[in-house]
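Here is a short report on one protein chain. Have the sequence and the 3D view at hand.

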Amino acid sequence: MNAAHSKLALVLGTAAVLAGCASSAPSPSSAYSSSYGASASAITEYGRIDAIELTRANGTTGGGAVVGGVLGALAGNQVGSGSGRTAATVAGAAGGALIGNQVEANRGATRDVYQVSIRLDNGDYRNVTQDSVADLRVGDRVRVVDGRAYRY
């Protein structure tokens, strides 16, 4: 095995290990949506707001992953040449994104979110968590689309 193949094997092995360490946590947009009795879907549902509660949520914005991915890709691009360089760039981007996301999460990033409890017209309850309630108030008639409440 020549030096180029050794580097490629090392880069691919590292990428596989990093991919195995990747979290299967939901994305920030879906992490704050939950439901009772039904899964979140593109179906529009209608109901009334029972309660709105301000809470603190831990999570990442994705900025750390983006910055880490760019820096990792730049670092990976410095390794090898040809297809080895391409593989190193991809592995660097993936590894940098994972590390950047973890660094952001470790910073303890918290933000204010609103937990909106809705009694649907069919009698079920749905809780949606969103970053803003704008003009929503308890008792308002709302429609729920893609895990977000809108005034109806």
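Start with aspartate 135. This residue is partly exposed, with 39% relative accessibility. Here buried means under 20% relative accessible area, exposed means over 50%, and partly exposed lies in between (1.4 Å probe, protein chains only).

This is a predicted model: local features need pLDDT of at least 70, side-chain atom pairs count only at pLDDT 80 or more, and totals for chains, interfaces and linings use all residues. Residues are numbered from 1 along each chain as its sequence is written, and side-chain values use heavy atoms, with hydrogens and water left out.

## Salt bridges

Side chains of opposite charge can pair when their charged atoms come close. A salt bridge here is a side-chain nitrogen of Lys or Arg within 4 Å of a carboxyl oxygen of Asp or Glu. By this rule the model has five salt bridges. Some of them are listed below.

| Pair | N to O distance |
|---|---|
| Glutamate 45 and arginine 126 | 2.8 Å |
| Aspartate 131 and arginine 148 | 3.5 Å |
| Arginine 151 and aspartate 135 | 3.7 Å |

Take the pair of arginine 151 and aspartate 135, which form a salt bridge. They link distant parts of the chain, 16 residues apart: arginine 151 is in strand 5, and aspartate 135 is in the loop between strand 3 and strand 4. Helices (H or I, at least four residues) and strands (E, at least two) are DSSP runs, numbered from the N terminus. Arginine 151 is partly exposed at 47% relative accessibility. A network of salt bridges links Asp135, Asp140 and Arg151.

Aspartate 131 and arginine 148 form another salt bridge. This pair also links distant parts of the chain, 17 residues apart: aspartate 131 is in the loop between strand 3 and strand 4, arginine 148 in strand 5. Aspartate 131 is partly exposed at 48%. Arginine 148 is partly exposed at 26%.

Glutamate 45 and arginine 126 meet in a salt bridge. The two link distant parts of the chain, with glutamate 45 in strand 1 and arginine 126 in strand 3, 81 residues apart.

## Around glutamate 45

Glutamate 45 lies in strand 1, which covers residues 45–58. This glutamate is buried, at 18% relative accessible area. Its side chain also makes a polar contact of 2.8 Å with that of arginine 126. A polar contact is a pair of N or O atoms within 3.5 Å; within protein, one must be able to donate a hydrogen and the other to accept it, and residues adjacent in sequence count only if both atoms are side-chain atoms.

Which residues touch glutamate 45, apart from neighbours within four places in sequence? Leu120, Arg126, Val142, Arg143 and Val144 are in contact with glutamate 45. Contact means heavy atoms within 4.5 Å. The C-alpha atoms of glutamate 45 and glycine 147 are 9.8 Å apart, though 102 residues separate them along the chain.

## The nonpolar core

A nonpolar core is a set of buried Ala, Val, Leu, Ile, Met, Phe, Trp, Tyr and Cys residues joined through side-chain atoms within 4.5 Å. The largest one has ten residues: Ile49, Val116, Ile118, Leu120, Val128, Val133, Leu136, Val142, Val144 and Ala149. Strand 2 (110–120) and strand 4 (141–145) are the elements that give two or more residues to this core. Strand 2 provides the largest share, three residues. Valine 142 touches several residues beyond four places in sequence, among them Glu45, Ile49, Ile118 and Leu136.

## Two positive phi angles

Most residues other than glycine have a negative phi. Alanine 134 has a positive phi of about 45°. Alanine 134 sits in the loop between strand 3 (125–130) and strand 4. This alanine is exposed, with a relative accessible area of 60%. Aspartate 146 has a positive phi near 50°. Aspartate 146 lies in the loop between strand 4 and strand 5 (148–151). At 55% relative accessibility, aspartate 146 is exposed.
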